[in-house]
Structures are given as C-alpha cells and as structure tokens.
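Here is a short report on one protein chain. Please look over the sequence and the structure before reading on.

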Amino acid sequence: MNSQWIEVAIEVKPEDADAVSDLLQQYGHQGVVIERAGHFIETWEDEIPPVDKLEVRAYFPADASAPDKRQQVNDALKYMLGGRQVSEPKFRVLDEQDWAEAWKAHYFPFRVGRRTYICPQWIDPNTLPDRRADDVLITLDPGMAFGTGTHPSTQLCLVAIEDLLEGRPGLQVVDLGCGSGILSIAAAKQGAVYVLGLDTDEMSVDVTLENAVVNGVGELIHAQHGSLASLLHAARRFDVALVNILSKVIIEMCGQGLGQIVRPGGVGVFGGIIMDQVGEVEEALRQTGLEPYLRRPSGEWVVIEARRPVD
Amino acid sequence: MAKKLKAIVTLQLPAGKASPAPPVGPALAQHGINLMNFVKEYNAKTASRIGEIIPAEITIFTDGSFKFRLKSPPTAFLIRRAAGVDKGSSTPNRDKVGKISRAQVKEIAEIKREDLNAVDVEGAMLQIAGTARSMGIEVVD
C-alpha cells in the first residue's frame, strides 16, 4: 500500500475537460476526477448554475517513479494541448491517511435488526446511551475493507443472521468475501461454533482477523485467503453460507458449484443484488441446487435466502 | 423535493474496479461521502462492462446524502477503442496514430448523444470527428 500519493490538478474550460482527462487517464491510478473548480456549490438541485471552469485531478503513487511521471505529465500537456487555455498543472503530496480519517469522521454507532449494534472501534461502547444487555455489539474498524455495516445489503445480511442463528447454537458458517469480517463476527457472536471467512483480498483477511480478536471471537473465526474453488476442492459444507458480494460474481460462482458448499437442509444468504437482477440470481441459485425461499428488500437492494433440499 | 448541493463530482473509473484508493478516496472523503457504498454500487452496476471507462456523476448534498448516475464512456476512450490504439498522438497535426470510419464515428455519436449538447446525430458526429482529429486519428470514408 502506498502511504503517500501525488495529486495533479488542472483547471480547464468545460470543452477541454475530455481531452485533459483522457491525457491524465494514462498517468493516474485507476481513473480521474472532474469537479467544478472551487468545489463547493451550495445551491439548490434544480437551480444549478452553468459551469465555467472545471478541475481535472489524477493521482499516482509517490514512489521512485513519481518525478518521471510528473515530467511526463508536464511534457504531454505542453504537446497535446497546444493553444488550449488550461492552467499550469498543480502538484501536491497527499497522505493516504488524510482521506481515511475524513471518512471515519462520518461513521457513527447505529442499530441494525432487533439487537445488532455496530460501533466504530474508536468510540467506547460503554458511552452509548441506548446500549442494552442483550445487544450483539460489533465494534469495527472497517479500514479499507468492505463491510462497514452501513450498506443496505450488509444490513439485510445482519438481519438474516439474527433470524437464522437465533436459538440454534453450534452452527458452522462460511463467509465468502468476508471484507471487514462484520458478518463473520455477527455469526460468531450469535452462537456459531465455527466461522470460516474467505476473501481473495489479503488485506480483508487481515482486517477480519483483527476485528475478530477485538470482538472477542478470535477463536471462533478462521479467516484466510481463498475463494469458492478452495472450498470445493476441500469438499467443505456449511450450515449457513454468507455470500454478500455482487450479482455477477454470485451467478458465476453458481456455475462453479456454489450450492455444494451448503449442506443439505442448510441455507445460503446472498447479498449485493440490485432489484432488477433478482430473477437472474434466483435462476442461477436453482441451477446450483438451491431453492430460493425469501427475498429481503431495502431500497434497490435485495438479499436472497435459499435452502439446499435434504437429499 | 429540491435539496441543497454541496458538490458535483465526476469520476472516470475502470468499470467494475472502483476501490477506496485514489482517485475515489480523496475525491469523496473530503465531502463526507460513505465511499464504500459508492464503490460497491458502482462496481455492481458496471461489473458487466469490464474493460471500459465508465464515468459516474455523483451529486453530493449538504445533508451528507448523495446520488450518482452512470454516463457514457469518454469520447476519447471510444475513439481510441474504435481505432485500436492505446493513446492519441502527442503531435496530432504532424503524426497520425490511427483511423476510424464514418460509420464508427456515427456509432460513437449515438452512444454519446445524450451527454453531448448536439441537437442531432450529425451535430454529435462533427464533435466526435473534431475530437478524433485532435488525437491524431483520421476519419476516413
């Protein structure tokens, strides 16, 4: 991970934004930003004034190649833009911490479902005024991994976990695409005897393990780098499979035998699905031997629960 | 109901591959946006178009809420893809790096028409052809 980035910002007329952004696409990390110069508008949505100046920004790592890239951007601008009126590119060094901290400032404790209570790690849960004895408290430092608990799909999965695990201790659970570990922790705190968290992102595995320890369920959660293929290879089956990823990925995994990781009589919880993709996902679930029996909607997001019939 | 705007930010990102790293992180965190929500939704909506650059126009309101809409890929990206080249010419007047046909220009104009100010496809085609020339890509019959 880079600890610092170089930001290059260029002010342009709206008609030149495309050309400048195309140029910066070649040097920037994963795309560019185009924003009204001056940033803040403070006007009503239906009274937006015409744009007279835009700022195009791109970012690249502040590593050994940064001075060369900076020179290349300067040269390319000089050659490509010719007579166009654009500002001199402004460069500045940006700490990765700057925006990570900015995000934290907007993250507050909140309730989900009947008794799940999500609390950022940097807030003392004992100071929460509405804390109840039977709360399932999850303290979380989402870091850069997915799963802050604020996404409707994650919240629907948390409610599903409450419903599926209540009064049924001792279940074995897999969390495919564990991200921050929020769903694994919820399952472990509600009676699961074994939770396997898998993610193809190494950072997510580390974050899940750290969050599991912080929540006192480090011994129940086993997070590791891996995917569906590793589960199928080991012929693992679970009482509950949590798959909060994306429709496209779920459909692909169905074609690879996703249903086989759910034991007969077990349940899969599938999230990250937009409303108009429900039919396609449900059909794929049927094809892999699961029977969808419940849709949990929230806004344009849906979580589908599907059961594997007893053989 | 109208809401008060804080900012309008357009992110040109590779489809299905947005992450909290730059440019998304610094662009959105400064406005207090739940950038994880944006990343997940953007990836969900663009996952079937891997390989394309899909801009997202994000409208951020003063109450912390936001909405976004996907726009058509940037004109320059569509031209480069049609011409089969990685980048435009650094000296477009002198050095040509590729060619696209009028039919391809029309195809791009159809894709871009909603996002351009052109009154009809012919007007959009003129804009596309102009952009192609500025990239050192010839338009041929």
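Strand β9 (residues 172-176) and strand β10 (residues 194-199) of chain A pair in the parallel sense, over 5 bridges. This is a predicted model. Within that pairing, A:Val173 has A:Val195 of β10(A) as its bridge partner. Helix α5 (residues 182-189) of chain A lies on the path from β9(A) to β10(A), and this β-α-β crossover is right-handed.

β9(A) also pairs with strand β12 (residues 238-244) of chain A. The sense is again parallel, with 3 bridges. Here A:Asp175 has A:Leu242 in β12(A) as its bridge partner. Of the 5 residues of β9(A), 4 are buried, so the strand is largely enclosed by the rest of the structure.

How many of the residues of β10(A) are buried? The count is 6 of 6, so β10(A) is largely enclosed by the rest of the structure. In a regular strand, side chains alternate between the two faces of the sheet. Both faces of β10(A) are covered. A:Tyr194, A:Leu196 and A:Leu198 are buried on one side. A:Val195, A:Gly197 and A:Asp199 are buried on the other.

β10(A) runs parallel to strand β11 (residues 221-225) of chain A, and 5 bridges join the two. In β11(A), A:His225 stands opposite A:Asp199. β10(A) and β11(A) form a right-handed β-α-β unit with helix α6 (residues 202-214) of chain A.

## Helix α4

Helix α4 of chain A covers residues 152-165, 14 residues in total. From first C-alpha to last, α4(A) reaches 20 Å, close to the 20 Å expected at 1.5 Å a residue. After α4(A) comes A:Gly167, with a positive phi near 75 degrees.

Is α4(A) mostly covered or mostly uncovered? It is mostly covered, with 10 of its 14 residues buried. Among them are A:Leu156, A:Leu158, A:Ile161, A:Leu164 and A:Leu165. The buried set also includes A:Ser153, A:Thr154 and A:Glu162. An α-helix has 3.6 residues a turn, so residues three or four places apart point the same way.

## Cysteines

The closest cysteine sulfur to that of A:Cys157 is in A:Cys178. The two sulfurs are 13 Å apart, which is too far for a bond. A disulfide needs the sulfur atoms within 2.5 Å. A:Cys119 counts as buried too, because its relative accessibility is 0%.

## Chain A as a whole

Chain A has 9 helices and 15 strands. Its length is 311 residues, and buried residues make up 51% of them. The accessible surface comes to about 13900 Å². Carbon and sulfur atoms account for 50% of that surface.

How values were computed:
Residues are numbered from 1 along each chain as its sequence is written. Chains are lettered from A and ligands numbered from 1 in the order in which they are written. This is a predicted model: local features need pLDDT of at least 70, side-chain atom pairs count only at pLDDT 80 or more; totals for chains, interfaces and linings use all residues. Side-chain values use heavy atoms; hydrogens and water are left out. Buried means under 20% relative accessible area, exposed over 50%, partly exposed in between (1.4 Å probe, protein chains only). Accessible areas come from the Shrake-Rupley method with a 1.4 Å probe; for residues, only the protein chains shown count as cover. The expected span of a helix is 1.5 Å times one less than its number of residues. Two strands pair if DSSP finds at least two bridges between them. A crossover is right-handed if, with the strands pointing away from the viewer, the path from the first strand over the helix to the second runs clockwise.
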